[in-house]
Number of protein chains: 2
Amino acid sequence: MLRTSLCVLAAVVAYGSLVPSSAQPATGPAWLSPHRDNVSRLQAAAQADDFAWQRLAELTDTYGARISGSENLERAIRWAQATMTKDGLANVRAEKVMVPRWVRGQESAVIVDPPEHPMAMLGLGGSVATPPGGIEADVLVVKDFKDLDARAAQAKGRIVLFNVPYTTYGETVPYRSGGATAAARHGAVASLVRAVGPMGHRTPHTGGMNYGDATVRIPTAAISVEDANRLQRLSDRGVRVRVRLAMEAHFEADVESANVFGEIVGREFPKEVVLVGCHFDSWDIGAGASDDAVGCIATWEALRLMKALGIQPRRTVRLGLFTNEENGLRGGTAYRDAYMASAADHVLALESDSGVFAPASLGFTGSDAARRYINDIGMLLMPLGFPPVGPGGGGADIGPIAQAGRVPMMAYNGDATRYFTIHHTPADTVDRIAPQDVAKAAAAIATMTYVVADMPDRLPK
Amino acid sequence: MLRTSLCVLAAVVAYGSLVPSSAQPATGPAWLSPHRDNVSRLQAAAQADDFAWQRLAELTDTYGARISGSENLERAIRWAQATMTKDGLANVRAEKVMVPRWVRGQESAVIVDPPEHPMAMLGLGGSVATPPGGIEADVLVVKDFKDLDARAAQAKGRIVLFNVPYTTYGETVPYRSGGATAAARHGAVASLVRAVGPMGHRTPHTGGMNYGDATVRIPTAAISVEDANRLQRLSDRGVRVRVRLAMEAHFEADVESANVFGEIVGREFPKEVVLVGCHFDSWDIGAGASDDAVGCIATWEALRLMKALGIQPRRTVRLGLFTNEENGLRGGTAYRDAYMASAADHVLALESDSGVFAPASLGFTGSDAARRYINDIGMLLMPLGFPPVGPGGGGADIGPIAQAGRVPMMAYNGDATRYFTIHHTPADTVDRIAPQDVAKAAAAIATMTYVVADMPDRLPK
């Protein structure tokens, strides 16, 4: 946070002050001038009330967890389509996507000896089941993949726990996705992973895993940080710990789902598209409020506000609520396949899938030529308190089309520590999201989207 | 925290500085002088290592949740008795107490319409079960008892939710203990209470409830703050919400348990007793680390350190690990009954049952004459950073004997917000307790206990 604050301060010194946009002197270069008025209107409207937060609460309260293949998700998709239509967006449509249906079923992980202790656990998405009645075995606690390799002889017939302290998502998530296969290679009968995230309140984190082409597939689950610590301490004391893991997890037949789209059609270059989006599915626990309902609401707001204010940029702005990001990416892949012919017409793709917790920022990945424009537009976000646009644009759902069309990408990034503390947990609810953070996200995304869609020259590749 | 810091500061200015006790000038009046050396030794020994934290971790890791009537509790009691003996305490004994055995069984609370959403819930201790298959009914959300009375006509046949925001434990716990009976009076079929505590991570808080002499007994459970908020928002939007509550909770026959005692026998007045204690049972979820394993370890340390340092005060110091505080108080009551004849020989009773989270403090309840001594001894805690001793001594387990013998009482109080955020939840584990906070508690309790037990004149009534 300190580093960000310093960035903001440095930028403020360079470009202007943090007074409200209505009263402040113009920031940034002259080419932005024709867009300033609409940007001010969009930013003011986004922050005028808590409309976006209320819509987020309505979505998450009414439909809750929205895992691919669930009735909750399909009902939510119908609601989104109907609500976009009511908002007056153009070309509102749901485009069919077949998605996997992974069902958790009943599950538990219990220390049976020393005296019984049920652990806080969540099976990992994609895991197979245990045999009925579960698997009971001694636990081998390892610190990382290397430690497992060093103690390979002890893994046979055991339940391996990867007790890897959280540093960043990127560094620790490989133990969630690949731990089971690594443990199986050494003869383990099941694998557990310390929840990938900072310690919460005994909150395990679920998330995707995959077996790759491994032939031996063992069941796998996350346990809370506290339970992992406990197994570590018991192990360090030389106590033999027996755990019973029982899981009913399995795949059922693929189910029909859909990506939902709505547009503001460009007044001059309607075939050139600025794509903004999110994923509409979530895991089956919690309400998926930060991951990623809020990303859907914030990007949706960009279009709703343009429509409400009668703002029609030169190019088309397309909103995509993608299905099945969490455990298949079928939505993003289907979009690429369906829109391959127009991939190169995508001017910019922006995804919001990291929450909106303050302090937030925008990231960009693209050519230097494009970055110069994006950096300029970023100056318009300074009245909202944003730091300059950083690196690291992108998103899982926009990735396939962006790759196909060499499309510059952006990401809206909330504070990572707060996000990863609750993401993929039952605590991912609307209660911890501040209305002003949703409003700011909407204002920032609307600003960036509108200017890129409205600038006379197309954003360079 | 600010207020406490200012108190400490003011006290430091008045009495001395915060340099280590070994190097600092004497604080407090002259009568303390003969005790200073041993106080310094006790405080230094308590803080020399993380022995107390390690013992706490061993207890909670090995035995976990210790609800009355459980095998975990009885195993932990045997461990405590054996370990006290190893410590060299005198008169180590377990005194039989019959305790209730309330069994939670399977339980769930699900919003069935709008789309299904399982709530984070915990049945309240003492609740009856639902019929098999559960109770399904519309929810009536009320803000408090008055609101329920005003909407009494709507309660019939419904599940009433008391959605009362947490202020203090004292103010909000009546909805947990008495909500079911109030709701039943108006014809409700079940009652839910918003978890009594600050919002955690979707963490419900269990805790005791009682039906008094009510003839109609309806099942009752706590739901997480987030789930209560959600029901409130749905209700505010005019949505009819149906919930299915299923609970198997029931009492089984009373079970034999025990209070465990150990002593440092007084060298001059062995019949005069300074009683320090805690409760050794917990709820059936979490590990009861802050509530109240840490209180047991911290008070136990006072005696262990005296023994280890060869310190034998004039009066007897007695440690009591009481059973069944959480749902019956049979331990504290049995102690009073067994020791009624010597109730008046209790010089002081101190209980630690509010955790040890910083900033901590000591509270005292007794005569002004006694308070003058306690305030003086409190000055010896200033090098540890404690504020002056405040009001509010006491504790559930020491209450009965104190009332019988008109015994002055003290309490060790950890920070209430941190304590009530996790108490009675699965997140009450050793992981969030700092070793230095346990050491400080042990140092403070050892200081107070030793001086009161060793001062030439008996502490006035």
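## Contacts and overall dimensions

In chain A of this predicted model, residues 24 or more positions apart account for 83% of the contacts with a separation of 6 or more. Of the 461 residues of chain A, 57% count as buried.

A compact globule of 461 residues would have a radius of gyration near 23 Å, and the value for chain A is 23 Å, so the two agree. Along the principal axes, the C-alpha atoms of chain A fill a box of roughly 70 × 45 × 35 Å. The secondary structure of chain A comprises 14 helices and 16 strands.

## Domains of chain A

The domain assignment divides chain A into domain 1, made of 2-102 + 253-454, and domain 2, which covers 105-248. Between the C-alpha centres of domain 1 and domain 2 of chain A the distance is 35 Å.

Where the two domains of chain A meet, 14 residues of domain 1 are in contact with 13 residues of domain 2. On the domain 1 side, helix 13 (residues 416-422) of chain A gives the most, with four residues. By class, this side of domain 1 of chain A has seven nonpolar, six polar and one charged residues.

## The eight-stranded sheet of chain A

Chain A contains an open sheet of eight strands with mixed pairing, in the order 1-10-12-11-13-16-14-15. Strand 1 (90-103) and strand 15 (390-391) of chain A are its edge strands, each pairing on one side only.

Within chain A, strand 13 (residues 346-354) and strand 16 (residues 409-413) run parallel and are joined by five bridges. A:Ser352 has A:Tyr412, in strand 16 of chain A, as its bridge partner.

## Strand 9 of chain B and its partners

In chain B, strand 9 (residues 242-247) has five of its six residues buried, so this strand is largely enclosed by the rest of the structure. Strand 9 of chain B pairs with strand 2 (residues 107-113) of chain B in the antiparallel sense, over six bridges. Opposite B:Arg244 of strand 9 of chain B stands B:Val110.

Strand 9 of chain B is also joined to strand 5 (residues 135-142) of chain B, by four bridges, and these two strands run antiparallel. Here B:Leu245 in strand 9 of chain B is the bridge partner of B:Ile135.

## Relation between the two chains

Chain A is superposed on chain B by a rotation of 180 degrees with 0.0 Å of shift along the axis, at an RMSD of 0.0 Å. The two copies are therefore related as by a two-fold rotation axis. A:His201 is the residue of chain A that comes closest to the rotation axis, with its C-alpha at 2.8 Å. The same surface serves both copies, since 100% of the contact residues of chain A recur in chain B.

## The contact between chains A and B

Chain A and chain B give 28 residues each to the contact. On the chain A side, the elements that give two or more residues are helix 3 (51-63), helix 4 (71-87) and helix 8 (225-236) of chain A. Helix 8 of chain A provides the largest share, five residues.

The residues of chain A on the side that touches chain B divide into 10 nonpolar, 10 polar and eight charged.

Terms used: Residues are numbered from 1 along each chain as its sequence is written. Chains are lettered from A and ligands numbered from 1 in the order in which they are written. This is a predicted model: local features need pLDDT of at least 70, side-chain atom pairs count only at pLDDT 80 or more; totals for chains, interfaces and linings use all residues. Domain bounds come from an automatic or database domain assignment. Two residues are in contact if their C-beta atoms, placed from the backbone, lie within 7 Å. Ala, Val, Leu, Ile, Met, Phe, Trp, Tyr, Cys and Pro count as nonpolar, Asp, Glu, Lys and Arg as charged, and the others, Gly among them, as polar. Copies are superposed by least squares on the C-alpha atoms of residues with pLDDT of at least 70 in both. A residue is buried if 20 or more other C-beta atoms lie within 10 Å of its own, exposed if 12 or fewer, and partly exposed in between; C-beta atoms are placed from the backbone. Two strands pair if DSSP finds at least two bridges between them. The radius of gyration is taken over C-alpha atoms; the globule rule is 2.2 Å times the number of residues to the power 0.38.
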